[in-house]
Amino acid sequence: MTFALQAHGITKKFPGVLANDQVNFDLARGEIHGLLGENGAGKTTLMNILYGLYQPDAGEILLDSHATQITSPHDAIQQGIGMVHQHFMLVPPLTVIENIILGQESLRGATKFLGRLAVLDRARAAARIRELSHQYGLEVDPDARVQDLPVGAQQRVEIVKALYRDAKILILDEPTAVLTPQEADDLFKIMRGMIEQGRSLIFITHKLREMFAVTDRVSVMRGGKMVGTTTPQHATSEMLAEMMVGRKVILQIEKSPAHPNATVLQVENLQVEDERHAQMVDDVSFFVRAGEILGIAGVQGNGQRELVEALTGLRPVGAGKIFVLAHDVTHKKPRQVIEYGVAHVPEDRHKHGLVLTFPVADNLVLCTYYQSPFARGIEIDAAQVAREASKLVGEFDIRTPSTRTNVGSLSGGNQQKVIVARELDRPVKLLIVNQPTRGLDVGSIEFIHRRIVEARDRGTAVLLVSAELDEILSLADRIAVMYKGRLLETLDAKIATREQLGLLMAGVKEGAHV
Amino acid sequence: MSNVALKNSPNDARSAFAKTLDALSNPLLAILLAFVLGAVIIAITSGNISTVPVAYIGLIEGAFFKTRGLSESLVATIPYVLASLAVALGFKAGLFNIGVEGQFYIGSLTAAAVGAAFHDLPALIHLPLVLIAAALGGAVWGAIPGILKAKTGAHEVINTIMMNYIAYRLTEFLVSNVLRDKASSAVQTIRISPNAELWNMATVPARLTDPLNAIFIALLLAITTFFFARWLVLRTRVAARFQTAAQKRAFTTALTFMVALAAFFFLPLLTQTVWPWTDPYDRLHIGLFLAPAAAVSVAWLLNKTTIGFELRTVGANPSAAQYAGINIGKNIVLAMALSGALAGLAGAIEVLGVSICRCLPLFFSAGYGFDSIAIALLARADAIGILPSSFLFGALRNGADLMELRSGVSKHVISLIQALVLLFVAAPAIVRYLTRQKTKADAVADVPLTRGWGR
C-alpha cells in the first residue's frame, strides 16, 4: 500500500482538553477512508491539523512518505490537500466561477491589475470548471450565482473548487448532512470517480450506513484517541457503534404499535413567510393525535423551521388555522402556546433552546420559572429550583459537575438532555421536536429517542421534524414529507420505504402510494 | 444512571469560594497593573522617579487621610454607585445605556423642581417624594430609547446619546428660565426645602429631635429590618430553627417592630450623645446608606426575582427568551426605565445632598454618567461588586487634587489610570499574559456585556 498521507503520534492540547492523543492515521493512495466518531472525539481537530489550521503539539505528518509541515490552509492547498467544510465557504452573491477562482486570485496577489487579470482568469477558469464538472459528473453552471443554487449544487461547487486547486487529497466533512438520500448516492458516485482518477479521500460522517456504502477503510476515534481501523467487510454497524461509544448501543429503538387517540394538533391550510417574505410554508394541513408520532421528513430548508416556529408562536402566521385540543392558537404568543400544553425542542439548541451562560438549573426552569412552586410572587424560590434541577439531572442522566454549572460548558448531548428534560417534565399534550439529535453522539441519540417514544406511550401527541431519514423511520408512526413548503404525502410508517421517502424528499411525487 | 446528590456537595461549596476568588483576581490585578503603568508614566513625564512616591502618597492621603478626605471620597462614591448600577442593570439586559449622564441630569432637574415646589411638607413625605420624582424622571428619559428599540429596533446607544444632548439643553433652558432663582445673581434654581434635603451627617442629631423625622428614620430602619429578617429566616441557617411559616412570620414581625420602636425612642437620644460626624463642613450625607441599599436591591431584583430572570434571559439570549415566552420588548423598556430611574436617583443625590447651594446651578457638570460605565465594567456588572469599584473611583477622583498639589503631576493622570484599569478589565487576556496566569479551561465568557449593532 502506498500512502498519500500518514500522520504519526499527533497530539494536540487545548486548555484542559487533550483533543488528540497520540493519533495515528493514514490514507492510502486511491482510497476512501471513513472517519467516524462522536462529537468531541477529535475528528475535527485532526482534520484541522491536516488542513493547516492548527499546529500539532507533537507528531509528524508525511505526504507521499516525505515528512512535511502544513503551516496554513494556503500551505495545505499548495501541498495538494483540499477540504470541503460542513458549512460551505462560499460567497453567495458571487457566481460559481468567481467563487472558484477567489482563492487563486489572492494567491497571485496581482492586486494592481486585478481587474484585467480577473477577466483573463474568468475565461480560462470557466473552461477548466466545465472540464472538471464533465469529468466527474459534477454538474454546475459556472455562471450561476451561488445564492440561487440548491444546497446540493453548492456542495458540488465546493468540490469543484477543491479539484480546481488540484487537490490530491480531499477531506469531506459531513458532506451528506444536507443531502437527500438520492443526492448522497450521487455524491458517492462522484467520490468513486475521484478515486479512479488517483485522488484520495477522507470522508467524515456519523451515519454508519454511509460508511458501508462508500468507504474502503474506516477509522474510529473516541475521546481524542484513535480506537481502531477496520474495513467495511469486516465490520458491522453494532461493532462500529460500540467502538465509537465504548459500550454496547441499541441502534434500533424498540417500540410497540401506536394507539392513537383524539386529535391534539390540527393544522389547516397554514401559510408562513420567512424574514424575506418568501412563502416557506404553503397551504399545509395535517393533524397529530394523542399517542402517536407524526414524522415530518424532508431536506433542511424546505420550510420545516418556519412550520415549527409558526406552530409554537415564534413566527407570525400568514393564513390558515392552528388548533391545539380545540383551542385556536393561530395568533397566540409563545407563552400562551406553552400554557396550552405544548412543549418544543427547538432545532437550534444554542440559539433558542438554552441560555448558555446560565446554570443548568436555570435552564431547566426556563419556561416555568414564573409558576408555582418556582416563583412566589415575584421572588424565585432558589431551593425549589435546585430541587427540581437535581431531580431532572438524575432522571435524565445529565452529566454535569453541578446544577450550578453553566450549561454552555456541557457536551452537546447533555445540553440536549437539559432541553428534553425541561420540555418533557411539564404536563405536555403536544411535543414538537425539531432535529432532536443533530450533532449528538450515539449514546445520547439512543437516550433521547427512548424518551420521545415514552412520551408517546404516555399519550402525548408528538410531532417529529427531522432531516435524518433513519430517525424518522425508527420513531414515526406516520410520515409526512415536506418539500418546498408543501406536505407532499402522508404515509404509514409500516409500509414506507427509504427509497419512496427519498424520492418524495427530492420532490418526486410519482411512485408514492398511500 | 448516575443519580448523585448534587446539591450541597462539598465540591460545590469549595467552587463557590474559588469562583469568588477567581472573579476578584482579574479586577485586582488590573488595578495593580494600572497603578504600575501609571507610575511609569508619571516617572517619564516628570523626568524624575522620585515624583512617583510623592504623587501616590499625595493621592492616598487626599483620598483617605487628610481632613474630610475619606468623607469626600464617600461623597463622590455615592452617586457613582447609583449611576453604575444603572449601567450594570442595562448590561444585564443586553443594553448599553450610554444615556446615564442625561438621565442623571433629568433626575437632578426633577429633584430641584420638586424639592423647591413645597415648603411645609415634612421630610417623611417630601424626601421620598423628591426621590421618587427624580427616579420617575430618569425612568421616563431612559424608557424613551427603550421604547424606540422595542418598537423599531433603533439602537439604544445612538438614541441614549441623543437623549443626553436633549437633557443637557433642556436642563440649561429650565434652569435659566422657568426654574431660575430670580433673587440670586448666579444662574441657578430656587433652593430646595430643607425637608427635601438628603440630611448631612452632621445635622442628623439635630434633625432627630423632630418627632416626625424620628418616625421617618424609624420607618426606614423597620423596612430594612423587615427584609433582613425575612432573608434570615428564609435563606440562612436560621431557617432551621423554625418549624412553621407562621413562626417565621412572627419572628420577622416582632423583630421589625422592636427595631422600629427602639429606633424611635432611643436613636434621637443616642445620636445626641455618640455620633461620629460633628464637623459642619463635612459634606457626607445619609445617601451613604442609600447607596448600599440600592446595590442590594438591584442584586436581589436581578438574581432572585422573576423580573430579573426575564431581564437577564433577554440580555443573555433574546432568541431563547422569546422561545420561553418572555416578552422581549417589554423587558427592554423595563430595563431602560429601571436603569434610568437609578441614574435619576444619582442625579437627585447631587442636588439634595452634595451641591453647596442645595439647588441646580447652570453649567453643572458631573461626568458621573460616563465614569459609571467604567465602574460597571470593572465590577463586571455585578451589583455588589459596584460598591468597591465605585469607592475606588470616588477615592481616585477625590485624591487627585492633593496629588497634583504635592507632586505637580496633573490630576488628569487619574483619568489615565482609570482608563488603564478599564483597558485591563476589558482585555483580561493582557492581564493574564502579563501575570503569566494559565488560561482557565472552561473560559466560557460569563457576561455578554454588550451586543453588537442591531438585534
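1. **Ground rules.** This is a predicted model, in which local features need pLDDT of at least 70 and side-chain atom pairs count only at pLDDT 80 or more, while totals for chains, interfaces and linings use all residues. Residues are numbered from 1 along each chain as its sequence is written, with chains lettered from A and ligands numbered from 1 in the order in which they are written.

2. **Two domains in chain A.** Chain A is assigned domain 1 (3-245) and domain 2 (263-358 + 424-505); such bounds come from an automatic or database domain assignment. The domain centres, taken over C-alpha atoms, are 33 Å apart. Where they touch, 10 residues of domain 1 of chain A meet 12 residues of domain 2 of chain A (contact: C-beta atoms, placed from the backbone, within 7 Å). On the domain 1 side, helix 6 (181-196) and helix 8 (237-245) of chain A each supply at least two residues, and helix 8 of chain A gives the most, with three residues. Helices here are DSSP runs of H or I with at least four residues, and strands are runs of E with at least two, numbered from the N terminus. By class, that side of domain 1 has six nonpolar residues, three polar and one charged. Ala, Val, Leu, Ile, Met, Phe, Trp, Tyr, Cys and Pro count as nonpolar, Asp, Glu, Lys and Arg as charged, and the others, Gly among them, as polar.

3. **The sheet from the opening question.** The strand order in this open, four-stranded sheet of chain A is 12-11-14-15, and the pairing is antiparallel (strands pair if DSSP finds at least two bridges between them). Strand 12 (279-289) and strand 15 (327-328) of chain A are the edge strands, each pairing on one side only. Two bridges link strand 14 (residues 319-324) of chain A to strand 15 of chain A, and A:Val324 has A:His327 as its bridge partner.

4. Helix 9 (residues 304-311) of chain A lies across strands 11 (263-273), 12 and 14 of chain A, at about 60° to strand 12. Axes are lines fitted to C-alpha atoms, for helices over the stretch in contact, and angles run from 0 to 180 degrees between N-to-C directions.

5. **Another sheet in chain A.** Here four strands form an open antiparallel sheet in the order 2-1-4-5. Strand 2 (17-28) and strand 5 (66-68) of chain A each have a single partner strand, so one side of each has no neighbour in the sheet. The average twist from one strand to the next is 25°. Strand 4 (residues 58-63) of chain A pairs with strand 5 of chain A over three bridges, and A:Leu62 is partnered by A:Ala67.

6. **A helix pair in chain B.** Helix 8 (residues 211-235) and helix 9 (residues 245-273) of chain B pack at about 150°, with axes 8 Å apart. They are therefore roughly antiparallel (angles over 145 degrees count as such). Their contact has 17 nonpolar, three polar and two charged residues.

7. **A cis peptide bond.** Finally, look at A:Ser372 and A:Pro373, joined by a cis peptide bond with omega about 5°. A:Pro373 sits in the loop between helix 12 (360-364) and strand 17 (375-376) of chain A.

Conventions
Contact = placed C-beta atoms within 7 Å. Parallel < 35°, antiparallel > 145°, perpendicular 65-115°, else oblique.
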